[in-house]
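Colleague: Could you walk me through this model and tell me what lies behind the words you use for it?

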Amino acid sequence: MELLIWLIPLLPFIGFLLNVFVIRRERTAGLVASGMVAAAFVVTLIAVGVLASMPPEERRIVSTAWEWINTGSFQVPFAIMFDPLTAVMALLITGVGALIHVYSIGYMHGDPRVVRYFAYLNLFVTMMLFLVMANNLLLLFLGWEGVGLCSFLLIGFWFERKTAGEAAVKAFVVNRIGDAAFILAMLAIFTYFGTLNFYSEGEGGALGFLERVGDIAGLRVGPNWQPIFVSTAISFLLLIGATGKSAQFPLFVWLPDAMAGPTPVSALIHAATMVTGGVYLMARTEPLFVASFTTQGWVTWIGALTALMAGTAAMAQWDIKRVLAYSTVSQLGFMVAACGMGAYVAAIFHLLTHGIFKALLFLAAGSVIHGTHDTQDMRRMGGLKDAMPVTFRTYLIGALALAGIFPLAGFWSKDEILAHAVGHGHTPIFIILFITSLFTAFYMGRQVALIFFGTQRDPSYHPHESPQVMTVPLIVLAVGAIIGGAINLPVLHWLTDWLEPVLHEQAGEFNLWLALIATIGAVGMGYLGWWIYTTNAAKIKIGGKDPIYRYSGDIWEGMAEAWYLDRLYQRTVVAGFERLSDFLARVFDPQGVDGLVMGVGRFFGGLANSLRAVQTGYVRTYALVFTVGVLLVIGFMLWIAR
Amino acid sequence: MEVVVQITFGVIAVFILVAAAMVVSVRNVIHAALWLIACFFGVGALYMLLEAEFLAVVQVLIYVGAVSVLILFAIMLTRQITGEGVRQLTNRWPVVLAIATLLFATVLAPTLINQQWNVPPAPPLGTPEPIAGPAELGRGFVNEFLIQFQVVGVLLTVALIGAIVIAYEERARRRKVLTLAEELELKRLREQTSPTVPAPVEAEPVVQESRSASER
Amino acid sequence: MDALTIPPVDLGLIAPLLVVVTWATGLLLVDTFFIPVGRKKLTGYLAIAGLVVAGLVGLPLWGVSGSTFGGMVRLDPFALTLTWVFLLIGILSITMSLDYLPRQDIEQGEYYPLIMFAVSGMILLAQGADLIVLFLGIETLSITLYILTGFAYPRLTSEEAAMKYLVLGAFAAGFFVYGIALIFGATGSTRLSEIGAYAADRDLGDTNLTLLLGGAAMVLIAFSFKAALAPFHMWIPDVYQGSPTPVAAFMSVGTKGGALAALVRLLFEALPTLNAYWLPVLAGLTALTMVVGNLGAIAQMDVKRMLAYSSIGHAGYVMLGVMVAGEQRGPEAFIFYILVYALSNLGAFAVLIALEHQGEEAWQLDDFAGLYQRQPLLAVAMAIFMFSLAGVPPTAGFMAKFYALTAAWEGGLPWLALVGVLTSAIAAFFYLRVIIRMFMTEPEGEPAPELNRGLTIDIVVAAAGTIIIGLIPAPIFALVERSAVALGG
C-alpha cells in the first residue's frame with residue numbers, strides 16, 4: 001500500500017524524465033505524458049478503494065522514504081500521506097489532469113516545442129501531487145514552489161509573444177511574496193511546536209503540530225505595547241501565503257495575466273491544480289485557523305471581497321479567457337470565504353465541482369480559440385453554435401454549472417456555502433456572495449451570447465469544430481459537470497462523511513427557500529445577460545464599446561481594469577522599486593550597468609566598459625564609504641552601546 | 001639627566017612637527033617626500049630616546065629605507081611629476097581636516113579618558129627588558145611566536161612570487177611605460193614641431209610563439 | 001645567555017595545512033624546472049593531487065581536538081570540516097581554470113601553487129586561535145588574491161581590479177593591525193582564549209572597556225571588509241568583474257568562508273561576554289548587506305556583476321549563522337551554508353567560463369539567450385544553480401537558507417530572519433531573468449559553447465551536489481552537526 005501511494009506522484013515524474021531525456025517525437029511525448037497521468041488516476045482510484053475499506057478513524061496512510069533533515073531537534077521526513085482530504089484532491093488533479101493532457105495532444109499539435117510542453121505539464125502534476133500528499137509543511141512547500149516554477153515555465157511557454165514572458169515573471173514574483181510569508185509561517189511553527197509534521201508518523205510517533213494546536217493557546221508574541229496571539233500570527237502568515245497561490249485580494253493580479261499561456265495550461269492552473277493549493281492549505285491547517293478568531297475574520301472578508309471584485313471585473317472583459325480568469329478568482333473567493341466561515345467541507349466541495357466545470361469551460365474556450373484560428377476577442381466571434389456544435393453544448397453545460405443552476409454541479413456546492421453563511425449568521429458575507437453569484441450568472445449569459453449566438457462579426461476566418469481528441473475530454477468533463485454535485489447531495493452528504501476524519505464537520509442544513517431563490521435569481525440573471533447581448537448583437541463592433549457602457553459609463557472601465565489594482569501596483573510598488581534600484585545603481589554603483597529593470601540591450605554595457613580605465617577616483621569613493629562605515633561601527637560600539 | 005632628556009625630547013618633537021608641517025605645505029611633491037624622510041628620522045630618534053634601539057633601527061630601515069623610496073618611485077612614475085604650481089590642498093580640505101581630526105581624536109581618546117594601560121609588572125632587576133633588544137625578539141620568534149614566524153615566511157614567498165609573476169615575466173606584453181626622460185623629450189618635441197608627432201602608443205602584444213623556453 | 005627552547009609542537013594537528021604549504025612550495029620548483037611551457041596543465045593536476053592528499057591526511061584527525069604551538073593554532077572538528085570545504089573549493093576552482101587559462105592566453109605555472117597558498121591561508125583562518133595568526137592567515141589569503149586578481153594583466157580591467165583590491169585591502173588590513181594593538185593594550189594578550197578570560201573575569205559595568213571595544217570594532221571592520229558586508233562591500237563588483245573568472249569564483253566563496261570562520265572563533269572565544277556591543281552592529285550590517293546585495297543585483301545586466309552582488313547578499317545569509325554561533329544551530333548553519341553556496345556559486349561561475357571564448361567576454365544576459373537549444377546540459381545546470389542561489393526547493397540552496405533562517409529565528413533575531421526572507425523573495429527576480437533568457441528566448445546566432453572535460457566535471461559535480469544535498473541532506477547535516485558540537489564550549 002505504501003508503494004502504491006508513492007506511485008501516484010512518481011508516475012507523472014517518470015513521464016517528465018522520459019520527456020526530458022528520452023522522447024524526441026511529438027506523438028510519443030503526448031501519449032506517454034497522458035498515459036502516465038491516467039495511470040496515476042487509476043492508482044489513485046485503487047488507493048481510495050483501499051482507504052474506504054479501512055475504519056474511518058484510521059484512514060491515513062503515511063509512508064516515509066527517508067529522513068530529509070535529521071539533526072538533533074530538527075527532524076523532517078521526506079514522507080507522503082494519503083487520507084480522505086488528500087484522496088479527493090489527488091482524484092481531481094489526476095482525473096482532470098489526464099483529460100487536459102489528452103486534450104493537449106490535439107491542441108498543441110504542430111507546436112515546435114511540444115515535447116518540452118508535455119515535460120513541463122507532467123512536472124506540474126507531480127509537484128501538485130506532492131503539495132497535496134505531503135505529510136509535513138516542508139515537503140508541501142517543495143510542491144508549492146515547484147508548482148509556482150512550472151506555472152512560470154508554462155505561462156511563458158509561448159515566449160515569442162511579448163506578454164507571455166512578462167506574465168510569467170509576474171506570476172512567479174507575486175507568488176514569491178506569498179512564499180515569503182509561508183517560510184515565515186514555517187519558521188514560527190517550528191519554533192513553537194518543534195516539528196513541521198502535520199500528524200504523528202504512525203503509532204507512538206511524536207504528535208504533529210496540527211494535533212497540538214492547544215499548546216499555543218493563549219501564547220502571545222510581539223512588542224509589549226501590542227502583543228498578538230501566536231495562533232493569529234501563524235495563521236495570518238499562512239493566509240498571506242494562500243492569497244498568493246490562490247489568487248486572492250490583494251495578490252490576484254498575476255492570474256488574469258497568466259492567460260498568456262496555452263489554454264490547456266490555463267485549465268490546469270486554474271481548475272485542477274495550482275490555485276486550489278491555497279484553499280487546500282487552509283483546509284489542511286484548519287485547526288490553526290480555527291484557533292484564531294481574528295484570522296478567520298480576515299479570511300472571510302478577503303474571500304468575499306475578492307469574489308465581488310473579480311465577479312464584477314469578469315462582467316467587463318472582452319477576452320474570452322480573461323472572463324474565465326476573473327471568474328476563477330471570484331469562485332476562489334467563494335471557497336476562501338467558506339473556509340473563513342468554518343465551512344471547510346463546503347469549500348472543498350466547491351473546489352472539486354469548480355475544478356471540473358472550470359476545466360470544462362477553459363478547454364471549451366480553447367476549442368473555440370482553436371476553431372477560430374487564435375481569436376480571443378469575443379467581439380470578433382458570434383454565431384459559432386452551428387459551426388461548433390459539440391463545443392457549444394459542452395460550453396453551455398459548463399456555463400450553467402458555473403452559474404449555479406439546478407441540478408448541475410455548481411448549484412449544489414455554491415448553495416452549501418450560501419446556506420452556511422445564512423445558517424451561521426454571516427449576513428453581510430451572505431449578501432456579498434449572493435450578489436456575486438447573480439453577477440456570475442450574468443457574465444456567463446453574456447459570454448455564451450457573445451460567442452455562440454447572433455452572427456459572426458469577423459468574417460476573416462472560417463470556424464470549424466475541433467478534432468475528436470479535443471472534444472471527447474470535453475464531453476467527459478460535461479458529464480462530470482452535470483452529475484458532479486452528487487458527491488455531496490443534501491440528504492446523502494457523502495463528501496462530508498468521507499472528510500469527517502480530517503475536518504470533523506457535521507453536514508449543514510439544506511435551505512430549500514434559499515435554493516429556490518438562488519436558482520430563480522441565477523436563471524433570471526443568466527437570461528438577462530443572454531438577452532441583452534443577443535438583442536444588442538448588432539451594436540457590438542470590433543474594438544467598440546459594450547452595450548451596457550451607455551448606462552454604466554466609468555464604472556464599466558473600473559470593472560474592466562479590475563478596479564485599478566494592477567495599475568496601483570504599477571504606479572506605486574513597481575515604480576518605487578524601479579526607482580530604488582535605479583538609485584542604487586546610480587549612486588552606489590556608478591559603473592553599474594543598467595537602470596531599466598526589464599530593459600534589454602548592450603548599450604549600457606558598452607558604455608560602462610569604455611569608462612573602465614584605471615580610475616582611482618572610484619577607489620576614493622569606495623574608501624569614503626568605507627570610512628563612513630568605520631565611523632558608524634566604532635561610534636556605535638564606543639558610545640551608543642554603553 | 002632628567003632635564004637633558006626633556007630638552008632632547010623637546011628638540012626632537014619640534015623637529016618632527018616642523019617636518020610634518022612641511023610635508024603637507026610645500027608645493028613640490030619631491031620636496032614633500034624628502035621632508036617626510038626627515039620626519040621619519042625624527043621618530044627614529046624618539047625611539048632611541050626611549051631606549052628602544054631595535055625599534056629605532058627598524059624605523060630607519062623600513063620607513064626611511066623602504067617606504068620613502070617607494071614613495072619616490074611612485075612620484076617618478078606618475079605623470080605630471082614635478083608638481084610645481086600644483087595645489088597640495090583640495091578644495092574640500094575642511095572635510096579632510098574634519099576626518100583627520102576625528103581619527104586623531106579616536107586615537108587620543110583612550111589616553112585622554114585616562115585608560116589604564118595593561119602594562120606588565122616591572123621585571124626583577126637583572127632580567128633583560130621585555131621586547132627591547134633583538135635577542136629577545138629572536139627568542140620570541142622561535143618560541144612563543146613560532147607559527148607566526150613560519151607563516152610570515154610563507155607570506156613573503158607568496159609576495160615574492162607575485163612580484164615576479166606580475167613584474168618580470170613577459171614584460172614585453174605589458175603596455176609600454178615611458179620613463180621620465182622619455183616623456184619630457186616627447187613633450188619638448190611636441191611643443192617644437194607640429195602636433196603630428198604620434199602620441200605614445202601601446203606596445204604591440206607579443207604573440208605566444210615568441211616566448212621560447214630559453215627566455216625563462 | 002640561556003639556551004633556546006622550542007616549545008613542544010604537534011605537527012599532526014596542522015597536517016592538512018602543512019601538506020598544502022609544502023606541496024605548493026615544492027610544486028613551484030617542480031613547475032619551474034621540470035614542466036615545459038605549454039604543458040602547464042600538469043601543474044594543475046599536481047595541485048589538485050596535493051589538495052586531495054591534504055584532505056586525506058585530515059581523515060584520521062576526525063574527532064581530534066587540541067591545540068599546539070603554545071595554543072596559537074587549534075584543531076577541532078569545526079576547523080577540520082571547514083578545511084575539507086576549503087580544499088573542495090580549491091579543487092573545483094583549479095579544475096575550472098585548467099582550460100580557462102590557456103584559452104585566455106594567461107597560462108602560467110605559478111597560478112596553481114598560488115591557489116594552494118590561498119587555500120592554506122583559509123585553513124589557517126579556520127584553525128587560528130590567536131589574533132596575529134588570524135591576521136597572517138587573512139594576509140596570506142589576500143596577498144595571493146591580489147596577485148591572482150591581476151593575473152590576466154594584459155587586460156586592463158584585471159589590472160584595475162587588482163589595484164583597487166590592493167588599495168582597499170591594505171586599508172582594511174591597517175584596521176586589523178591597529179585593532180590587534182588596541183586589544184593587546186587592553187588585555188595584554190593576543191590569544192583569543194586569554195582575551196575571553198580577561199573579559200569574563202571583569203565586571204563589565206565597572207571596567208573601562210574603551211580600548212577593548214575600540215580594538216574589537218576595528219577587527220570586526222576588517223573582517224566585514226573581507227566578508228563583503230555592506231558598507232564595506234564596494235570593491236566586490238569591480239574586483240569580481242575584472243579578475244579572471246575562476247579567481248572571482250574562488251574569491252566569492254573562499255574569502256567569505258575563511259574570514260567568517262575566523263570571525264566565529266573571535267566572537268565566541270574572545271568576545272562572547274561583549275555580546276551586547278557587537279551583536280547590534282553585526283545585525284545591522286547583516287541586514288544592510290542583504291538589502292544592498294539583493295537590490296543591487298536587480299539593476300545588473302552583466303551576469304558576472306550580478307553574481308558579484310548576489311555574493312554580497314549571500315554574505316548576509318551566512319552571517320545569520322555566524323551571529324548566533326553561540327547556539328548549536330548557528331555554526332551548523334554556517335558550515336552548511338558555506339558548503340552549499342560554494343557548490344552552487346562555483347557551478348554558476350563555471351557555466352560563465354564555458355560561455356567565454358578566446359579573449360571574449362560573454363557575461364551579458366543576452367549571451368544566455370536560448371542556451372537550452374544550444375547546449376541543454378549547460379542550461380539545465382545553470383538553472384539548477386540559479387534556483388539554488390535563489391533558494392527554491394528542492395535544491396540545496398533552499399535547505400541552506402531555511403536552516404540559516406531557522407538558526408537566526410531561534411537565536412533571538414526574528415526580525416533579521418524576516419529581512420532575510422523578504423530579500424530572498426526579491427532575489428528570485430534576478431536569478432529568474434537568467435533562466436528566462438536560457439529557456440524562453442531563441443538563440444540569436446550565438447555559437448554553441450564548447451564544453452571540455454574539466455568544466456564538464458566541475459559543472460556536473462556541482463549540479464549533482466546541489467540537487468543531492470537538497471534531496472538527501474541528512475548525511476551532510478550529520479557531519480555538520482558533529483563539527484559544531486565542539487565549538488562555543
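Modeller: Gladly! This is a predicted model. Let's start with one residue: leaving aside neighbours up to four places away in sequence, Ala315(C) touches Ala227(C), Ala228(C), Leu229(C), Lys256(C) and Thr289(C). Ala315(C) itself sits in helix 12 of chain C, residues 303–323.

Colleague: How do you know whether Ala315(C) is buried or exposed?

Modeller: By counting C-beta atoms. The cut-off for buried is 20 or more others within 10 Å, and Ala315(C) has 29, so it is buried.

Colleague: And how far is Ala315(C) from Thr81(C)?

Modeller: Their C-alpha atoms are separated by 19 Å, and the two residues are 234 apart along the chain.

Colleague: What makes strand 1 and strand 2 of chain A a pair?

Modeller: Two strands pair if there are at least two bridges between them. Strand 1 of chain A, residues 61–71, has nine bridges with strand 2 of chain A, so they pair, and they do it in the antiparallel sense. To pick out one bridge, Ser63(A) has Ile80(A) of strand 2 as its partner.

Colleague: Why are helix 2 and helix 3 of chain A called roughly antiparallel?

Modeller: The axes of helix 2 (residues 26–52) and helix 3 (residues 84–107) of chain A are 8 Å apart, and the helices pack at an angle of about 155°. Angles over 145 degrees count as roughly antiparallel, so these two helices of chain A qualify. Their crossing is left-handed.

Colleague: Which residues meet there?

Modeller: From helix 2 of chain A they include Gly30(A), Phe41(A) and Leu51(A), and from helix 3 of chain A they include Pro84(A), His101(A) and Ile105(A). By class, the contact of helix 2 with helix 3 of chain A has 15 nonpolar, eight polar and no charged residues.

Colleague: How do you know how helix 7 and helix 10 of chain A are oriented to each other?

Modeller: The axes of helix 7 (residues 230–245) and helix 10 (residues 276–284) of chain A come within 7 Å and cross at roughly 155°. With the cut-off at over 145 degrees, helix 7 and helix 10 of chain A are therefore roughly antiparallel. This crossing, too, is left-handed. The contact of helix 7 with helix 10 of chain A divides into four nonpolar, four polar and one charged.

Colleague: How many residues does each side give to the contact of chain C with chain A?

Modeller: Chain C gives 63 residues and chain A gives 61. On the side of chain C, helix 17 of chain C has the largest share, with 10 residues. That side has 44 nonpolar, nine polar and 10 charged residues.

Colleague: Last one: which elements make up chain B?

Modeller: Chain B has seven helices and zero strands. Of its 216 residues, 9% count as buried. Among contacts in chain B between residues at least 6 apart in sequence, 59% join residues at least 24 apart.

Definitions and conventions:
Residues are numbered from 1 along each chain as its sequence is written. Chains are lettered from A and ligands numbered from 1 in the order in which they are written. This is a predicted model: local features need pLDDT of at least 70, side-chain atom pairs count only at pLDDT 80 or more; totals for chains, interfaces and linings use all residues. Helices (H or I, at least four residues) and strands (E, at least two) are DSSP runs, numbered from the N terminus. A residue is buried if 20 or more other C-beta atoms lie within 10 Å of its own, exposed if 12 or fewer, and partly exposed in between; C-beta atoms are placed from the backbone. Two residues are in contact if their C-beta atoms, placed from the backbone, lie within 7 Å. Axes are lines fitted to C-alpha atoms, for helices over the stretch in contact, and angles run from 0 to 180 degrees between N-to-C directions. Angles under 35 degrees count as roughly parallel, over 145 as roughly antiparallel, 65 to 115 as roughly perpendicular and the rest as oblique. A crossing is left-handed if the near helix is turned anticlockwise from the far one by less than a right angle, and right-handed if clockwise. Ala, Val, Leu, Ile, Met, Phe, Trp, Tyr, Cys and Pro count as nonpolar, Asp, Glu, Lys and Arg as charged, and the others, Gly among them, as polar.
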